Amino acid sequence: MSETSLSTSAAKRALITGASAGIGRELARIFAADGWSLVLVARRAELLAELAAELKAKHGTDATVIAADLGTRAGVDTVIRTVQERGLDLDALVNNAGYGLAGPFAELDAEKQLGMIDLNVTALTALTRAFLPGMIARRHGAVLNVASTAGMQPGPLMAVYYATKAYVVSFSEALTEEVRGTGVTVTALCPGYTETEFAARAAEHHRPRLFSGPMGKGDAREVALVGYRAMKKGTRLVIPGGMNKLAAWSVPFTPRGVLLKIVRRMNESA
Ligand SMILES: NC(=O)c1ccc[n+]([C@@H]2O[C@H](COP(=O)([O-])OP(=O)(O)OC[C@H]3O[C@@H](n4cnc5c(N)ncnc54)[C@H](OP(=O)(O)O)[C@@H]3O)[C@@H](O)[C@H]2O)c1
């Protein structure tokens, strides 16, 4: 696949959501090392400020910090308004912020499950709608959406999380076709289980067997690097790790009833 317009642009700016921890923080480090200016978004302002200082010291990075709760419409609007008011044209939008919750749908807190949809689906869609038109008008840019291998099939005992990631995969792949020929690309990054703060938040009530690593554990930096490289090439969808690729590849060949039982088993408490 050919390199995108990103590889020829000198001054580049990316907005990364969920940059205060995990995969998002590693993405920020990788973008910064490659000379990008950054807009860092998450709720924990102090962690974003620390990261901005680290990147400034190491790479001279120009980083703007926006502390916002993307689980709320007001938080999403703050991000959009701040970027527009400061004239921060984006060459890349990285929709990474997200969380999961493990346990039976009927027992997990209703608000927390709806909040997952607000963050993983609504905020990602709203930010893409806000910034994609400018990229298309400039005929230049990339969207990197952090989905998951969870988006490849239904996930009993993490039902809402898997469904949000199925949305991200479907939405991202549809957009790749819509933006074809515009100079803009869209990439879905689909990690498998990766060691970050994700598991602690997801397993508040119920710790899935999957989190003990039977399918292997991804390293946040390696996952981020795979995503960054795929975005720069304009790859439609990328799955880091051989086991994860194999598992995703087998989904269409596995009878749905069998698949549901396998995934349920992975999501049961160990
Ligand atoms: N780790 C895995 O196994 C795995 C596997 C596949 C896909 N993923 C996906 O990878 C992405 C990153 O997750 P991670 O593993 O790096 O998890 P993480 O370490 O928990 O990081 C999540 C990031 O999202 C931010 N965030 C959470 N809620 C937010 C909110 N309401 N508003 C703004 N920012 C918010 C967090 O920052 P604040 O707390 O400071 O707001 C943090 O920076 C997620 O979309 C996740 O679904 C993870």
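Let me start with Met-266, which counts as buried because its relative accessibility is 18%, where buried means under 20% relative accessible area, exposed over 50% and partly exposed in between, with a 1.4 Å probe and protein chains only. This is a predicted model, in which local features need pLDDT of at least 70 and side-chain atom pairs count only at pLDDT 80 or more, while totals for chains, interfaces and linings use all residues. Residues are numbered from 1 along each chain as its sequence is written, and side-chain values use heavy atoms, leaving out hydrogens and water.

Met-266 lies in helix α9, residues 256–267, helices being DSSP runs of H or I with at least four residues, and strands runs of E with at least two, numbered from the N terminus. Beyond its neighbours within four places in sequence, Met-266 contacts Pro-208, Arg-209, Leu-210, Pro-214 and Met-215, contact meaning heavy atoms within 4.5 Å. The C-alpha atoms of Met-266 and Pro-208 are separated by 6.4 Å, although the two residues are 58 apart along the chain.

Turning to the whole protein, there are 9 helices and 9 strands. Buried residues account for 52% of its 270 residues, and, of the contacts between residues at least 6 apart in sequence, 74% join residues at least 24 apart. The C-alpha trace spans about 50 × 40 × 30 Å along its principal axes.
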